[in-house]
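I opened the notebook today to record what I looked up in this model, beginning with the terms and then going through the sheet, the helices and a few single residues.

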Amino acid sequence: MAEQIPEHVHLVGSIALDTVEEVFRTAGTLLGRRLKRCPDGEPGGRRLWISWQYPLLRANAYLQIDTSQGLTQAGMFPKLRLADGVKWEDIHFGELGYAREARASYQDFLAARAKGELPTTARFQVCFPTPMAVIVPFCLGRDVPAIEKAYEKAMLEEVARVCAAIPHRDLAIQWDVCIEMVIWDGQLAERYPKEGTSEADILARLKRLGDAVPADVELGFHLCYGDLDAKHFVDPVDATRMVALANALAGNVKHPIAWIHMPVPLSRSDDAFFKPMAALKLSPQTELYLGLVHSEDGAEGIKKRAAAASKYVGNFGIATECGIARQRKPELVRKILTIHAEGSKEPAV
């Protein structure tokens with residue numbers, strides 16, 4: 001079988017450079033037409049993914065700090081619960097901030113594209129965490145269902161604001177599926193609430209989120225095993241559970257799925273990891289991106305993992321396992337972006 005050299009690169013979301021302008025300029029210059037979409041890199045307060053939402057939750061009048069088990073249960077943040085006397089139907093969230101950030105970054109995107117720093121065909125990629133990914137880490141387990149319900153409503157309003165502000169021909173929306181993916185995987189079952197987390201519940205959540213995106217806006221899913229301290233919460237045993245969730249999304253989300261991203265651990269270039277991908281049932285229009293890029297072994301590592309994957313799945317692009325912000329300095333980020341370029345080829349015009 002001829003060696004498969006991927007032509008497209010997917011940037012998962014966070015990129016530890018200093019400014020949005022620097023992200024667009026650096027990624028566009030290094031990767032060129034390999035990029036079908038480009039995120040703004042989530043700089044500043046968004047660098048730690050969902051952490052910037054904690055102050056918003058803490059400031060909400062319907063929530064308060066839970067002191068029943070001390071103040072360090074969430075690692076960095078004390079858990080929040082429903083405030084005294086508050087019923088689930090009372091909870092309300094206003095703006096979450098995602099749409100305001102996206103509107104500002106889109107102006108930088110237009111400027112970068114006009115200067116030729118980004119391909120003229122590239123779309124602006126906006127990444128949203130699923131509501132469960134925000135509420136489960138920060139809120140008391142018994143109150144998660146009520147708080148999540150209200151937060152999901154607010155998150156979908158953020159999606160609507162983004163779609164109202166940015167031309168659909170320029171827009172791509174990615175749902176970052178982390179807590180749901182880890183629960184679906186099943187290795188850390190004792191860590192997460194039992195209520196509302198069956199496979200049917202998870203799929204219903206993701207269907208609501210996917211189908212809330214307008215039909216002419218590109219939609220993608222990043223299947224995530226976490227990136228705490230730049231490491232997965234737990235590594236997938238193989239691709240089996242990711243394939244199962246990808247197939248479930250393909251069969252249930254009405255909105256056409258433009259791409260699905262799956263991580264691949266550094267240590268895995270063996271047939272056993274990739275063999276389950278032979279069972280993928282994605283639409284021909286859905287791009288598959290595999291997290292083959294690791295700074296530790298560079299382009300050679302990509303080549304090795306791509307050779308194994310290509311035995312079981314056809315065309316695919318490359319990506320990192322997750323975002324490249326946590327505990328990563330700008331020089332390492334530039335190295336990782338360069339590795340993307342070295343491990344792929346630019347599509348022909």
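I took helices (H or I, at least four residues) and strands (E, at least two) as DSSP runs, numbered from the N terminus. I noted that this is a predicted model, in which local features need pLDDT of at least 70 and side-chain atom pairs count only at pLDDT 80 or more, while totals for chains, interfaces and linings use all residues. Residues are numbered from 1 along each chain as its sequence is written, and side-chain values use heavy atoms, with hydrogens and water left out.

**Entry on Gln-174**

I found Gln-174 in strand E5. Is Gln-174 buried or exposed? Gln-174 has 0% relative accessibility and therefore counts as buried, where buried means under 20% relative accessible area, exposed over 50%, and partly exposed in between, with a 1.4 Å probe and protein chains only. I then looked for polar contacts, meaning pairs of N or O atoms within 3.5 Å; within protein, one must be able to donate a hydrogen and the other to accept it, and residues adjacent in sequence count only if both atoms are side-chain atoms. The side chain of Gln-174 makes such a contact with the side chain of His-10, at 2.8 Å, and it also reaches the backbone oxygen of Val-12 at 2.7 Å. Leaving aside residues up to four places away in sequence, I listed what Gln-174 touches (contact means heavy atoms within 4.5 Å), including Gln-125, Cys-127, His-222 and Trp-259.

**Entry on the sheet**

I followed the strands of an open sheet of seven, in the order E1-E4-E5-E6-E7-E8-E9 and with parallel pairing; two strands pair if DSSP finds at least two bridges between them. Strand E1 (37-39) and strand E9 (317-320) stand at the edges with a single partner strand each, so one side of each is left without a neighbour in the sheet. From one strand to the next the twist averages 30°, with axes as lines fitted to C-alpha atoms, for helices over the stretch in contact, and angles running from 0 to 180 degrees between N-to-C directions. I checked E4 (residues 123-129) against E5 (residues 171-177), and they pair in the parallel sense over six bridges. Pro-129 stands opposite Asp-176 in E5.

**Entry on Leu-223**

I located Leu-223 in strand E6 (residues 218-223), and its relative accessible area is 0%, so Leu-223 is buried. Leu-223 and Val-182 are 41 residues apart in sequence, yet 9.1 Å apart in space, C-alpha to C-alpha. Beyond four places in sequence, Leu-223 touches a set of residues, among them Val-177, Met-242, Leu-249 and Ile-260.

**Entry on the helices**

Helix H10 (residues 298-309) lies across strand E8 (287-293) and E9, running at about 140° to E8. Helix H1 (residues 20-31) and helix H3 (residues 98-114) pack at an angle of about 35°, with their axes 9 Å apart. There, Val-20, Glu-21 and Phe-24 in H1 meet Ser-105, Asp-108, Phe-109 and Ala-112 in H3.

How many of the residues of helix H4 (residues 131-138) are buried? I found seven of its eight buried, so that H4 is mostly covered, and Met-132, Ile-135 and Phe-138 are among them. Pro-131, which lies in H4, counts as buried at 1% relative accessibility. Pro-131 and Trp-175 are 44 residues apart in sequence and 9.8 Å apart in space, C-alpha to C-alpha, and the residues that Pro-131 touches include Trp-175, Tyr-151 and Leu-209.
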